Amino acid sequence: NTYNWNGQIITTSGSYNQTFTNISGCDSVHTLVAIIRYSNSGASNTTACDTYNWNGQIITTSGSYNQTLTNATGCDSVHTLTVIIVPSPTVDAGTNTTICAGDSIILNGISTNDSIVLWTTIGDGQFTNAQQNNTVYTPGTNDIASGSVVLTFTAYGNPPCGLISDSLILSIDDTLRGTSTIDTCDTYNWNGQIITTSGSYIQTLTNAAGCDSVHTLVAIIRY
């Protein structure tokens, strides 16, 4: 940038003369050929997801950062980088659960740092609103026949961050059906139901999963 030659500040390349006095008391003219090289500065902006590596400097917080580099002429080059750090999204679909056939499930997906969310499935059921964290899923006939279905919750991050997904398994306990036969005299007490006539009788019970279990009893009453 500059050169101080005996108090003369030189800022431009060129030839400069100064007259001195030599030891014999005569003039001594000296010519200095100065090559002045210049430092420079610059600025730029960038946006990154979570972290940004700037020439080995790991940046995790939004702000302005300076680095002193060397330009083509060998002088300092100070660069200011303004960084915006965008946090990546997080997502939690919830835990695996079981419902009875014919019921629906309330889903409560949890997400952070997202622009939009989306519930999807390869099953044939329906979401009331697939683009909300909290929604209701009603299994389809194929879901019930399969006995389970995978529900996937996806959070789409703010640019330049990508997406992340989490899934839960919804098990569907279909109605159990069973048949038995009883052969007895006069009457039969079936869970409090007094049977006096031969025939088929149906009771709806609750199985271990809390779902309906329909049982048919074929009663043979002898007198």
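**Entry 1**

Is D50 buried, partly exposed or exposed? I looked this up in a predicted model. D50 is partly exposed, and its relative accessible area is 34%. I had turned to D50 on account of its backbone: its phi is positive, at about 75 degrees, although D50 is not a glycine. I located D50 in the loop that runs between β5 and β6 (52-54).

**Entry 2. Backbone at N55**

I then examined N55, another residue other than glycine with a positive phi, here near 55 degrees. N55 sits in the loop between β6 and β7 (57-59). I noted a relative accessible area of 58% for N55, which places it among exposed residues, whereas D50 is partly exposed.

**Entry 3. A cis peptide bond**

I checked the bond that joins P159 to P160 and found it cis, with omega near 10 degrees. P160 belongs to the loop between β17 and β18.

**Entry 4. The sheet that contains β5**

Which strands make up the sheet with β5, and in what order? I read the order as β5-β9-β8, an open sheet of 3 strands with mixed pairing. β5 (40-49) and β8 (63-70) are the edge strands; each has a single partner strand, so one side of each lacks a neighbour in the sheet. From one strand to the next, the twist averages 25 degrees.

I followed the pairing of β5 with β9 (residues 76-86) and recorded 10 bridges in the parallel sense. Within this pair, G42 stands opposite H79 of β9.

**Entry 5. The sheet that contains β12**

I next traced an open sheet of 3 strands ordered β12-β16-β15, in which the pairing is antiparallel. Its edges are β12 (105-108) and β15 (126-127); each of them has a single partner strand, so one side of each is left without a neighbour in the sheet. β15 pairs with β16 (residues 134-138) over 2 bridges, in the antiparallel sense. I found F127 opposite Y137, the latter in β16.

**Entry 6. The largest nonpolar core**

Y137 came up again when I listed the largest nonpolar core, which has 16 residues. Which members touch the most other members? They are L107, W119, Y137, L151, L168 and L170. I also asked which strands supply at least two residues each, and noted β12, β14 (114-121), β17 (148-157) and β18 (163-173). β17 gives the largest share of this core, with 4 residues. As general background, nonpolar side chains in soluble globular proteins tend to be buried together.

**Entry 7. The protein as a whole**

Along its principal axes, the C-alpha trace spans about 155 × 25 × 20 Å.

What share of the 223 residues is buried? I recorded 27%. The protein exposes about 13,500 Å², of which carbon and sulfur atoms supply 50%. Finally, I looked at contacts between residues at least 6 apart in sequence; of these, 52% join residues at least 24 apart.

How values were computed: Residues are numbered from 1 along each chain as its sequence is written. This is a predicted model: local features need pLDDT of at least 70, side-chain atom pairs count only at pLDDT 80 or more; totals for chains, interfaces and linings use all residues. Side-chain values use heavy atoms; hydrogens and water are left out. Two strands pair if DSSP finds at least two bridges between them. Buried means under 20% relative accessible area, exposed over 50%, partly exposed in between (1.4 Å probe, protein chains only). Contact means heavy atoms within 4.5 Å. Accessible areas come from the Shrake-Rupley method with a 1.4 Å probe; for residues, only the protein chains shown count as cover. A nonpolar core is a set of buried Ala, Val, Leu, Ile, Met, Phe, Trp, Tyr and Cys residues joined through side-chain atoms within 4.5 Å. Axes are lines fitted to C-alpha atoms, for helices over the stretch in contact, and angles run from 0 to 180 degrees between N-to-C directions.
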